[in-house]
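Hi,

Here is the structure I promised to pass on.

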Amino acid sequence: MNWTDFFAPVWLSVKISVITSIIVFILATYAGKLMAGRKFPGHSLIETVLLLPLVLPPTVVGFVLLVILGRRSWIGRLYEQFTEHTVLFTWGAAVIASVVVAFPLVYRTVKAGFEGVEKDLEDAARAQGASEFQVLRYVTLPLASRSLAAGYVLGFARGLGEFGATIMVAGNIPGRTQTVPTAIYVAVDGGNMTLAWMWVCSIIAISALMLMFVNRRS
């Protein structure tokens, strides 16, 4: 067995997961803070849009992204005009797919954490002269830290295990866009159960290490 071929999907999956988890964490934290405990016209519609990828099959999400990012869309044409390359069938497309699929999970977790913070504590900090940034930094974020950590882990795990949407927009090109989930699928389809088990064990080990790190930090 060529170890380079074995580790290529592993490194790519880790890279995609790390980038995905960071992007999703930032977006979900911002959106969760804005939406937590607030009601305004259009709130339900925005909430539905944000959570929609959670209930849609990943292949449907992948198909929509395929249309949005394809050469026939203005986004696809604009990207190709500036880069001279298409965004589809690249590892960047896998990141986009993972971000879209993972966002609702992280958003729900982070939002629940913000909603669990006692408003009286935030108001008390404001009464002591703290700015909104100081309230966020020293009161809200520390009190919601467990939910934030859980949200980050969910984003990482979802990016690591994403398959349906990824294969639609990024494909399964060995050495370029092949992630561990797609590699496992190909190995099982080809009857190579030993290689499939090795990739399964690698993804389990990475996930376990991530959980252990977050638990220790908590």
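By buried I mean under 20% relative accessible area, with exposed being over 50% and partly exposed in between (1.4 Å probe, protein chains only). Helices are DSSP runs (H or I, at least four residues), numbered from the N terminus.

Some housekeeping: this is a predicted model, so local features need pLDDT of at least 70 and side-chain atom pairs count only at pLDDT 80 or more, while totals for chains, interfaces and linings use all residues. Residues are numbered from 1 along each chain as its sequence is written, and side-chain values use heavy atoms, with hydrogens and water left out.

Let's start with H2. Its buried residues are His-43, Glu-47 and Pro-53, and they pack (heavy atoms within 4.5 Å) against H1 (3–35), H3 (58–69) and H5 (91–115). H2 also bends by about 35° at Val-49, with Pro-53 following within four residues; the bend is the angle between axes fitted to the seven residues ending there and the seven starting there.

Next, H1 and H8 (residues 145–161): their axes come within 8 Å and cross at roughly 140°. That makes the pair oblique, a label for angles that are not under 35 degrees (roughly parallel), over 145 (roughly antiparallel) or 65 to 115 (roughly perpendicular). Residues meeting there include Ser-13, Ile-16 and Phe-25 of H1, and Leu-148, Tyr-152 and Gly-159 of H8.

Finally, Ser-98 sits in H5 and is buried, at 1% relative accessible area. Beyond its neighbours within four places in sequence, Ser-98 touches Ile-16, Thr-20, Gly-159, Glu-162 and Thr-166.

Cheers

Technical notes
Helices (H or I, at least four residues) and strands (E, at least two) are DSSP runs, numbered from the N terminus. Axes are lines fitted to C-alpha atoms, for helices over the stretch in contact, and angles run from 0 to 180 degrees between N-to-C directions.
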